[in-house]
Amino acid sequence: MSEDQKVPALQPVPKPRSRTNRKLLVLLLLFFMTVLIILFFQSSLSKISQVEIEGNELLAPDTVGQASQLKVGDRFFAVSSSTIGNRIAALPMVKHVEVKKSFPGVIRIHVEEYPKVAFQVDAQGKKYAILADASFIALPAGSSIPLDMPILSGWNDQDPNKLALCKALDTIPKSALSDISEIKPDPSESYPDKIKLYTRSQYEVFTTISYLPDKIDNLPGYIASLQENHIMSGAITMLEAEYHTPFGSNAVSKADSKGDPKSTPKVTPKP
């Protein structure tokens, strides 16, 4: 037989891939993943094991805990940190909340409260601390009021000027308020936010809530100047102009009209 008559060798036919085996493998993987997910969510690893609350001084931990709507055993991933923080931030007295979730199971809540800016005493003699958001909380029985913060008296809790005053007091250093013993509302037609301050050095000061943060810095020097001139009491008006009048003078009421000339003696404050 010649070379041309030889039968060519057949190439091996590739075996078709088994699609059935691949589908079975995928289904098995899905099945085991589903089983693992179910086991995980049924295990203690997926649940809250501890809620830590810190930073609160005035708010009770139970109050913060109830506001968070969390309890041990709840699903760890059911609610986000931001949602928990928003729930707690809705509480009065709360200035800022930080929530951190640490897997597995631990949620840490840090609460920053508004600072205390003043105190008030009700008709029954019960004492309250007032915070910068104008919220207040009762002091424990027998507590004394510190001397570095004023007492607010004569204020309606719904008065928007009370909130404005608390915000203004929050911007003033405590040292600047050390001589202020009491603050009352004293609104007038010209100055709806006018206030009357009583000092421990026996002066009465008339100003407005909007002027207070700027004017309060001048007050210690002004009083020192008065005392150097042997003026140991009286009313100090700190509006557009700053001047002193003896007690009983009607010059203070005249000052309620913006732009009135000030004919009363003026003491130049120390620089």
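The model is predicted: local features need pLDDT of at least 70, side-chain atom pairs count only at pLDDT 80 or more, and totals for chains, interfaces and linings use all residues. Residues are numbered from 1 along each chain as its sequence is written, and side-chain values use heavy atoms, without hydrogens and water.

Next I traced the pairing. β1 runs parallel to β3 (residues 106–113), with 5 bridges. I count strands as DSSP runs of E, at least two residues, and helices as runs of H or I, at least four, numbered from the N terminus. Pairing takes at least two DSSP bridges.

I then read the sheet: it is open, has 3 strands in the order β1-β3-β2, and its pairing is mixed. β1 (50–54) and β2 (94–102) are the edges; each has a single partner strand, so one side of each lacks a neighbour in the sheet.

Helix α3 (residues 81–89) packs on this sheet and touches β2 and β3. Contact means heavy atoms within 4.5 Å.

Last, I searched for cavities. A cavity is a set of points on a 1 Å grid over the protein atoms alone where a 1.4 Å probe fits but cannot get out; lining residues have an atom within 4 Å of a point. I found 1 cavity of 30 Å³ or more in the whole structure. Its lining residues are L197, V205, T207, L212, K215, I216, L219 and M238. β10 (203–208) and α5 (212–215) each give two or more residues to the lining of the largest cavity.

Key
Axes fitted to C-alpha atoms, helices over the stretch in contact; angles between N-to-C directions. 1 Å grid on protein atoms, 1.4 Å probe; cavity = no way out; pocket = protein on both sides within 12 Å on 5 of 7 lines; lining within 4 Å. Points joined across faces, edges and corners; volume = space filled by probe spheres on them.
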